[in-house]
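Please look over the sequence and the structure shown here.

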Amino acid sequence: MKAKREHSSSTQPKSQKIRSSNPSQNLATRHRNNLQKEIRWLLEEKYRGKRTTETEKDIARFKKGEHIDYVIGFVNFLGCKIDLSQRPFIPRPETEFWVEKAIQEITRRKRSARASLIRCLDIFAGSGCIGIGILKRIPYASVDFAEKEKKFLKQIEISAKRNNIERKRYRLIQSDIFSSVKGKYDYILANPPYVAEARKKKMQKSVLENEPLQAVFGGKDGLAYIKRFLREAKNYLKKDGKIYMEFDAPQKREIEKLLKKCGYQNFEISKDQYGKWRYVKIYGRVIELGR
Ligand SMILES: C[S@@+](CC[C@H](N)C(=O)[O-])C[C@H]1O[C@@H](n2cnc3c(N)ncnc32)[C@H](O)[C@@H]1O
């Protein structure tokens, strides 16, 4: 089996990445080794190891600073090939981790005789990796993708085709958070822009120079979109519906406060595969509180 590549564009601060490398290597050596590793990955993923003039052009793009995943043109996410031709936010392994958990739960859930379709909303959809993963793995799920940027809705359609997802199983909604979303869902899955502006200096250069920044930053404390999302999400949830939402580890305390303030009674906050607080699952009764 092909080795899984360590993701190079995490929104985690650089210091954590450096700590995990071999401390006896100096920075220049480490940088050179990483470049070589990424080039090997490019050759393997896109060209099955063959070097042609096209390969050389791609290597040059990469050396000029273009993100390796954009050069390759797709990433693997839950067994799907997520297309990156429109340059959406690059799906992260942290997201793949909790979406896998959500899929396990949806699969366990007993389908009622009346509602045989599980209705999901992938909001802040970007590349659509969350919803496409669900559609691929759960044949009785339908997904509405909500995203502000039109070009990313096109991106989702490209990926859905690439993964042989039937067109009737999903809808594309151009929406400012919930502004154009209608109806109620069994599952709402959200990975909002949540990085605090203050963390900008600690972020990897490749993220800042390559990825759409409106997908990354959530205002001064990173909570601007999360607040708007949590205030409204309960109105789009079926009676036994559940919400999964990703956030940044240092926001845990604020997230707990916000959830209570918005009337969410039951929730579980969990860590990702790197031991960082990363996502919340919200379920059960929601109480209506005055605004
Ligand atoms: C962190 S990315 C998540 C992308 C994808 N769901 C994932 O997990 O990789 C956030 C996405 O939210 C979109 N976005 C930003 N502001 C928005 C808004 N007001 N309403 C809807 N989507 C928005 C961005 O364009 C971006 O695609």
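This is a predicted model: local features need pLDDT of at least 70, side-chain atom pairs count only at pLDDT 80 or more; totals for chains, interfaces and linings use all residues.

Residues are numbered from 1 along each chain as its sequence is written.

The protein chain has 10 helices and nine strands; helices (H or I, at least four residues) and strands (E, at least two) are DSSP runs, numbered from the N terminus. Of its 291 residues, 34% are buried. A residue is buried if 20 or more other C-beta atoms lie within 10 Å of its own, exposed if 12 or fewer, and partly exposed in between, with C-beta atoms placed from the backbone.

Around the ligand there are 22 residues, and F124, G126, K148, N191 and A215 come nearest. A residue is near a molecule if its C-beta atom, placed from the backbone, lies within 6 Å of it. The table divides this shell by residue class.

| Class | Members of the class | Residues in the shell |
|---|---|---|
| nonpolar | Ala, Val, Leu, Ile, Met, Phe, Trp, Tyr, Cys and Pro | 12 residues |
| polar | the others, Gly among them | six residues |

Helix α6 spans residues 129–137, and seven of its nine residues are buried. These are C129, I130, G131, I132, G133, I134 and L135.

I59 belongs to helix α3 (residues 53–63). I59 counts as partly exposed because 17 other C-beta atoms lie within 10 Å.
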